[in-house]
Amino acid sequence: MLGLLLRILPFWVREPLLIVVGAVFGVRIAYLAVHDEEPVAAGIALVFLVFTAVRVRTVVRALRARRKPEPVDGGGGGDSAGGGDGAGGEDRTDRADGRDGVAASAAHRPEPQAAPAAPVAPAVPEKEPNAWGQAVAAVAVFAAIGFALWFGPRILPSEDAAPANGVSCPDLEEEPPSAYRDTPGAVTGDVLCRALNRPELAGLLGTPGETATAASGDNGTAPLTDGKVAQPEAEVTFDTYTVNVSATYNDLTIAQYVKLLETGGQRDHQPLSVLGRPAVFSSDHTMRISIDLANGASGGPVEQGPLARTLTVALDREDRGGSYDITVWSESGGLPEDGVLLGIAEEVLPAVEGPAG
């Protein structure tokens, strides 16, 4: 197919095309050969560059040939005319007496008038295509193709490229529980993970130099609800902090949750408004479970983990029930400022809900 296309294209389009493609591929492969120290790639690049040089020489020779006009040979017409005059003169002498009598009788006859000749339109010279225009147009078109080939992987990352955060969210192939189908607007762990695992998350945490080491999502249900309340969650881990985002689709409002915190003796809570919705800060310790793989994966005692800071935000402005929880903790026990959780909520929650949220 490519060979047929190259045979159909005119010279002043085909040759600039070959020059541009050969130059782009040659320079690109040479760059990769130097960067990766690959001698085989260097040989391939040399072949492309030599091929390009040959095509350039062909175009230069064609341009020089077009500039030199071909000589026109017009000297043969005079000799034939002269020869004709000599032969005709001798013939006219031999038959002069005969023509005198014929001319005398023809003098009394009226001469017929010749029909007027039809005007002949001047021939319009056929305009040849501009070689320079074709060459420039071809170079411009295929230079754009070369630009796309060169910079395409940098501008448009491929599907196999590593995400900017260092890790990608796993695909949850299993179907969510029936609680998700029975809850209008319920999101899944995939949605939460993609919204949380964003390139700027490390900067929001105050550690812009870090990259995520793990990312996960889960289509779970709330405990003690017999699987009837959807509770998806996602988690992204860095060297310094771990961030967890979950959504609970129950009837518990933020006002009721604040009363539960006060009833349980929670003093470190702070009601506020986030994205125009009721919200509250709270603190609690995480749980640490030890699993001994050497003894048949037996579970150890549940221990108290490091302190975690949680921002709970209502699902809607009317606080009709349900909430998002954004939790941050670290193995060292240190916690970021509350403004960090606010920044994460303002970036992640709109991405979870989309324009309708």
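Seven elements, namely β1 (214–221), β2 (230–237), β3 (242–248), α10 (254–263), β5 (277–292), β6 (298–314) and β7 (323–329), each contribute at least two residues to the lining of the largest pocket. The model examined here is a predicted one. Within that lining, β5 is the leading contributor, supplying seven residues. The space in the largest pocket amounts to about 960 Å³, and among the 36 residues that line the largest pocket, those closest to its centre are Asn244, Ser246, Thr310, Asp325 and Thr327. Sorted by residue class, the lining comprises 20 polar, nine nonpolar and seven charged residues.

Turning to the chain as a whole, its secondary structure consists of eleven helices and seven strands. The chain has 357 residues, of which 31% are buried. Its exposed surface comes to about 23,400 Å², with 58% of that area supplied by carbon and sulfur atoms. As for how the chain meets itself, 62% of the contacts between residues at least 6 apart in sequence join residues at least 24 apart.

Next come the aromatic side chains. A pair of aromatic rings is described by the distance of the centres and the angle of the planes. The count for this model is one aromatic pair. It is formed by Phe25 and Phe48, whose ring centres are 5.9 Å apart and whose planes meet at 25°; the pair is therefore stacked, given that planes under 30 degrees apart fall in that class. Phe25 belongs to helix α2 (residues 11–36) and Phe48 to helix α3 (residues 39–67), so the pair ties together parts that are 23 residues apart in sequence.

Asp226 is a residue other than glycine with a positive phi, near 60°, and it sits in the loop between β1 and β2. Its relative accessibility is 69%, so Asp226 counts as exposed, the cut-off for that class being over 50%. Leu275, also not a glycine, has a positive phi near 55°. Leu275 is located in the loop between β4 (270–274) and β5, and with a relative accessible area of 32% Leu275 is partly exposed.

How values were computed: Residues are numbered from 1 along each chain as its sequence is written. This is a predicted model: local features need pLDDT of at least 70, side-chain atom pairs count only at pLDDT 80 or more; totals for chains, interfaces and linings use all residues. Side-chain values use heavy atoms; hydrogens and water are left out. On a 1 Å grid over the protein atoms alone, a cavity is a set of points where a 1.4 Å probe fits but cannot get out, and a pocket is an open set with protein on both sides within 12 Å along at least five of seven lines; lining residues have an atom within 4 Å of a point. Grid points are joined across faces, edges and corners, and a volume is the space filled by probe spheres set on the points. Helices (H or I, at least four residues) and strands (E, at least two) are DSSP runs, numbered from the N terminus. Ala, Val, Leu, Ile, Met, Phe, Trp, Tyr, Cys and Pro count as nonpolar, Asp, Glu, Lys and Arg as charged, and the others, Gly among them, as polar. Buried means under 20% relative accessible area, exposed over 50%, partly exposed in between (1.4 Å probe, protein chains only). Contact means heavy atoms within 4.5 Å. Accessible areas come from the Shrake-Rupley method with a 1.4 Å probe; for residues, only the protein chains shown count as cover. Rings of Phe, Tyr and Trp (its six-membered ring) pair if their centres lie within 6.5 Å; planes under 30 degrees apart count as stacked, over 60 as edge-to-face and the rest as tilted.
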